[in-house]
Amino acid sequence: MRVVSGIQPTGNLHLGNYLGAIKNWVKMQEEAECLFFLADLHAITVANDPAKLSANTREMAAALIASGIDPEKSTLFNQARVGGHAELAWMLFCSTPLGWLDRMTQFKEKSGKHKQRASMGLYSYPVLQAADVLIYQATHVPVGDDQKQHLELARDIASKFNSDTGQEVFTLPEALIHGPAARVMSLRDGTVKMSKSDPSDLSRINLSDSDGEIAKKIKKARTDADPLPSELAGLEGRNEARNLINIYAAIADEEPQTILSQYAGQGFGSFKPALIELMVATLSPIREKFITLKSDHNALDQLLQKGADKAAKQASSTVDSAYNALGLLRNS
Ligand code: TRP
């Protein structure tokens with residue numbers, strides 16, 4: 001089992017990023033050989049600010065390590081440091097039918113009304129993503145729901161390349177979809193995702209929030225006046241209540257039903273302090289580590305380079321096989 005996954009280096013990390021992907025990765029590294037990378041090449045598919053990109057890449061690396069990704073156990077790097085991703089992406093571009101990309105729903109969302117102004121990079125984003133995992137012969141790829149379609153495309157791209165060339169160059173990877181419990185919603189509106197771009201800072205818990213800020217935001221989190229039900233069905237239509245239960249469960253590594261059984265009949269007056277306590281206990285050590293690491297550019301750059309060297313070694317045999325399979329002459 002070889003696990004490969006990437007995350008875009010967005011700034012202002014919050015609880016949604018932590019519970020959505022990062023916590024899951026931390027668990028995976030106990031179970032399998034893991035390669036995790038910051039998808040900086042994907043980040044430039046939309047308007048790019050170079051200074052922000054490098055800052056965000058380091059910040060995301062610091063967050064991953066602070067959250068428990070161990071660079072000794074897992075291979076951690078940024079995509080741009082391993083040239084093979086871009087090389088392999090080119091070879092895959094040439095065998096991927098346009099029609100397959102036309103079906104990708106995320107491009108439609110991200111390009112909006114101005115399809116003609118979107119970059120070729122944004123359009124071919126899923127092909128680079130396929131290269132990201134195929135290059136390491138990944139067997140499993142943990143992703144959120146929104147990336148399921150891209151993973152299916154990666155499998156299609158791999159099997160077409162294998163059959164076009166008549167060689168088994170790529171392993172077909174399987175998606176590991178994070179559960180719905182990890183979909184963290186806004187603290188102000190339980191119908192929208194927690195997001196760094198929400199104008200209200202009260203809508204999210206940032207990884208850099210102090211204990212006091214965490215407590216304040218949970219106290220102010222929108223809820224309703226009813227007591228907590230004993231069964232999940234009782235949370236139907238109570239989006240904000242459901243969200244707080246999900247958050248508690250995800251942090252505690254429990255099922256939402258287990259948490260409900262514990263708090264059934266109680267109101268938010270007693271549930272919120274328990275949530276604050278759990279959240280502070282989990283997030284405060286992460287925050288301390290994150291803040292120290294974030295400003296140590298040298299240490300982070302060295303770590304990422306070391307990870308990239310390791311990754312590049314693993315990537316090179318796949319890249320060589322792909323060149324050979326296509327009849328492209330090199331290395332002689
Ligand atoms: N597109 C993914 C996201 O936005 C990030 C990503 C890039 C990725 N390459 C990947 C995820 C390869 C899994 C595997 O979440």
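This is a predicted model: local features need pLDDT of at least 70, side-chain atom pairs count only at pLDDT 80 or more; totals for chains, interfaces and linings use all residues.
Local features were required to have pLDDT of at least 70, side-chain atom pairs were counted only at pLDDT 80 or more, and totals for chains, interfaces and linings use all residues. Residues are numbered from 1 along each chain as its sequence is written, and side-chain values use heavy atoms, with hydrogens and water left out.

Helices and strands are DSSP runs numbered from the N terminus (helices: H or I, at least four residues; strands: E, at least two). Two packed helices are described by the angle between their axes and the distance between the axes. Axes are lines fitted to C-alpha atoms, for helices over the stretch in contact, and angles run from 0 to 180 degrees between N-to-C directions.

Helix 12 (residues 268-294) packs with helix 9 (residues 211-220). The angle is about 150°, and the axes are 9 Å apart. Helix 9 and helix 12 are therefore roughly antiparallel (under 35 degrees counts as roughly parallel, over 145 as roughly antiparallel, 65 to 115 as roughly perpendicular and the rest as oblique). Their crossing is right-handed. A crossing is left-handed if the near helix is turned anticlockwise from the far one by less than a right angle, and right-handed if clockwise. On the helix 9 side, the contact (heavy atoms within 4.5 Å) involves Asp211, Ile214, Ala215, Ile218, Lys219 and Lys220. Helix 12 contributes Lys272, Leu275, Ile276, Met279, Val280, Leu283, Ser284 and Arg287. By class, this contact of helix 9 with helix 12 has eight nonpolar, one polar and five charged residues. Ala, Val, Leu, Ile, Met, Phe, Trp, Tyr, Cys and Pro count as nonpolar, Asp, Glu, Lys and Arg as charged, and the others, Gly among them, as polar.

Helix 12 also packs with helix 3 (residues 50-67). Their axes come within 8 Å and cross at roughly 140°. The crossing of helix 3 with helix 12 is right-handed. Helix 3 supplies Glu59, Ala62, Ala63, Ile65, Ala66 and Ser67 to the contact, and helix 12 supplies Ile286, Lys289, Phe290, Leu293 and Lys294. Seven of the residues in the contact of helix 3 with helix 12 are nonpolar, one is polar and three are charged.

Helix 1 and helix 10 form a further pair, with an angle of about 45° and axes 11 Å apart. Helix 1 and helix 10 are therefore oblique to each other. Helix 1 passes helix 10 with left-handed geometry. Leu15, Leu19 and Lys23 of helix 1 meet Ile247, Ala250 and Ile251 of helix 10. The contact of helix 1 with helix 10 comprises five nonpolar residues, no polar residue and one charged residue.

Asn24 also belongs to helix 1 (residues 15-28). Its relative accessibility is 23%, so Asn24 counts as partly exposed. Buried means under 20% relative accessible area, exposed over 50%, and partly exposed in between (1.4 Å probe, protein chains only). Asn24 touches Pro142 and His178, not counting residues up to four places away in sequence. Asn24 and Cys94 are 70 residues apart in sequence and 34 Å apart in space, C-alpha to C-alpha.

Two histidines were examined. His85 lies in helix 4 (residues 84-93) and is buried, with a relative accessible area of 0%. Its side chain makes a polar contact with the side chain of Asp132 (2.7 Å). A polar contact is a pair of N or O atoms within 3.5 Å; within protein, one must be able to donate a hydrogen and the other to accept it, and residues adjacent in sequence count only if both atoms are side-chain atoms. Beyond four places in sequence, the contacts of His85 include Leu41, Phe77, Leu128 and Tyr136. His140 lies in strand 4 (residues 140-143). At 18% relative accessibility, His140 is buried. The side chains of His140 and Thr139 make a polar contact (2.8 Å).

Met120, in helix 7 (residues 120-134), is exposed, at 72% relative accessible area. Met120 and Thr45 are 75 residues apart in sequence and 7.9 Å apart in space, C-alpha to C-alpha.

Most residues other than glycine have a negative phi. Gln137 has a positive phi, near 55°. Gln137 sits in the loop between helix 7 and strand 4 and is partly exposed, at 21%. Asp253 also has a positive phi, near 60°. The loop between helix 10 (239-252) and helix 11 (256-263) holds Asp253. Asp253 is partly exposed, with a relative accessible area of 47%.
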